[in-house]
Amino acid sequence: MKVLSITIIIWMTVFMFLQGLYFNHTLMLANVIVIILLFLWLFHKGSLILPKDMTSKFLFLFLALQILAYFTALEKGMQVYGIFLGLLLVMAYVLIYQVHNNNFMKYFKCVFVISVIVGGLIGIMSYLGFEEHQISYVINHRMAGPIQYANTWAAVVFSAILVYLTIEMKTWQKVIGFSILGTTLLMTMSRSVILISCLIIVYLLIKKKLNNAFWMGLCFSVVISKVLIGFINLEMVFRRLTQMTPKVSEWQTRLLYYEDALRMIWDRPFGYGTFGYYYAQRAYQTGSMYHVRYVHSSLLQAFLDIGILGGMTLAAFMIYIIFIKKYDGMNKLVVMVLLLHSLSDITLQFPYIWLLIIIFSTTKEEIERKDFVLKKGFSNVAILLLLLPCIYFLIVEISYYRGNYETTLDLYQGHTEGARKYLLTEDNQDQQITLSENLIRRNPYIIEGYLVLKDIAIKKGNYPLAVEHTRTLVDINPLNIHRHEAYSSALLMASEFSIHSGDVPQGRMYLEAIRTIPEALTVLAKEKNTHYNIRHKPYLVMTKKLNENYNKAGVLLRGLD
């Protein structure tokens, strides 16, 4: 039992340094590791205790919803990874359930805090010129840490600060630890986490939970951060912490994400599946030309991925875990920080954060219940059967991660991301056509497929087909003015070809379509532009290229008359 506990704690630390399991190859590695550990436990102990508490019921329901989402997903090929996420959470909870006790939590908390301190130190050294980790630990001048995303790293760091308050050690040791953690938190420049931190510090101050070591560490961290900022000339970047009004462009842009996402949920209430939002969002976006993998709200993301039932289930779980379930007060604050931050960011898109929530919300009373026992025999076979697809998809993801896109597709035809990347490297025209047609057949929002088919149609002189593809590109990416330019150019080529071929009525139709573009852009601008203070506003006016095509169409029409 002690060996397994230590192994789990070690792997939890490794998982944090694997970018919080954000990418699919790390997700699959975590699945393989957890299932192997479960098998070893079952082999050694002869049985597994399966929990029947509310947390386990939610996790099993979450897995079931991911499986059901496969049948309604926009992108079935990538939804497989949503299922593997659900599987990881169930398997991890069952594994942790076997060993969770006071000693496990004591050692886990120590290792967790130390690992976050180490991550913070590496980040601080990156600022000072140790460039080995600079690219990954400091992103856009903000400390992103081993998570490599500043806001989520900030939530992890503040969670470590809360845990550190409960660990007994000498005052000078605590001061050093708080100084490093405080500096790390400030250098993330995460306004949302720092705001949450201030509110919780006020609460802890009222409850008299803060000691002198904390305040000394906080003071030192402010001084160290100020020195770092001055040393590397980050004053302009650091000023973002003073910009916390609702008018800030980043917040306004997220409001656009949320508004557009609500319309997407309305159109597809059973969900888009994993990566579905990423592919479909440009057809719905308003006001800003954003293209993000996730909607920056883990709750809304659940509605988008696994539908209304999935979103409501996650909301109910959040309410239960924060307000209803009874467990250690400081552990509850850690869980609360992670879940509250997830409401306005991609926090729960890091499986590592889910694992932290599971560990900190599990109670000793639950572990002492003998809920349901699985014996050796069939259970061994079942676990091994789960292991095989995890290993297979780990190989698939390693191939993708290493850039071997052809191998990725040979192993798994449903890997849309691999297919998109491979399409950009393939030179054989027939292969390009086949791959593009397969992509858009299963997912009508794959822009790369239409771009390739449009270019090939133009090369072959099939201008009507080029018009069809460029029109589709306008429909699925209307805020990109280059799509309108390509559509206009395709119409002009098609009109000239039709006229020269003797099909004047068809040519006239293409020319008249070009002449309607200015009005169409005006209508589109009224529909899509917003009053929000945002970056990357769409440029929905006639460009030089559009005006040239418009004037040429006018000349050709007058010639026909």
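Modeller: In this predicted model, the largest share of the lining of the second largest pocket comes from helix 14, which supplies 6 residues. The lining as a whole is made up of 33 residues, and the space in the pocket amounts to about 580 Å³. Tyr 22, Asn 24, Thr 274, Phe 275 and Tyr 294 are the lining residues that lie nearest the centre of the pocket. By class, the lining comprises 18 nonpolar, 10 polar and 5 charged residues.

Besides helix 14 (298-324), the elements that give two or more residues to this lining are helix 2 (24-45), helix 3 (54-72), helix 4 (76-99), helix 16 (351-361), helix 18 (378-401) and helix 20 (416-425).

Some of these elements can be described further. Helix 2 has 22 residues, and at 1.5 Å a residue it should span 32 Å; its end C-alpha atoms are 31 Å apart, which agrees with that expectation. Just after helix 2 comes Gly 46, whose phi is positive, at about 90°.

Two packed helices are described by the angle between their axes and the distance between the axes. For helix 4 and helix 18, the packing angle is about 130° and the axes are 12 Å apart. Angles over 145 degrees would count as roughly antiparallel and those of 65 to 115 as roughly perpendicular; helix 4 and helix 18 are therefore oblique to each other. The crossing of helix 4 and helix 18 is left-handed.

Notes
Residues numbered from 1 in each chain as written. Predicted model: local features only at pLDDT ≥ 70, side-chain atom pairs only at ≥ 80, totals over all residues. Heavy atoms only, no water. 1 Å grid on protein atoms, 1.4 Å probe; cavity = no way out; pocket = protein on both sides within 12 Å on 5 of 7 lines; lining within 4 Å. Points joined across faces, edges and corners; volume = space filled by probe spheres on them. Helix = DSSP H or I, 4+ residues; strand = E, 2+ residues; numbered from the N terminus. Nonpolar A, V, L, I, M, F, W, Y, C, P; charged D, E, K, R; others polar. Expected span 1.5 Å × (residues − 1). Axes fitted to C-alpha atoms, helices over the stretch in contact; angles between N-to-C directions. Parallel < 35°, antiparallel > 145°, perpendicular 65-115°, else oblique. Left-handed = near helix turned anticlockwise from the far one by under 90°.
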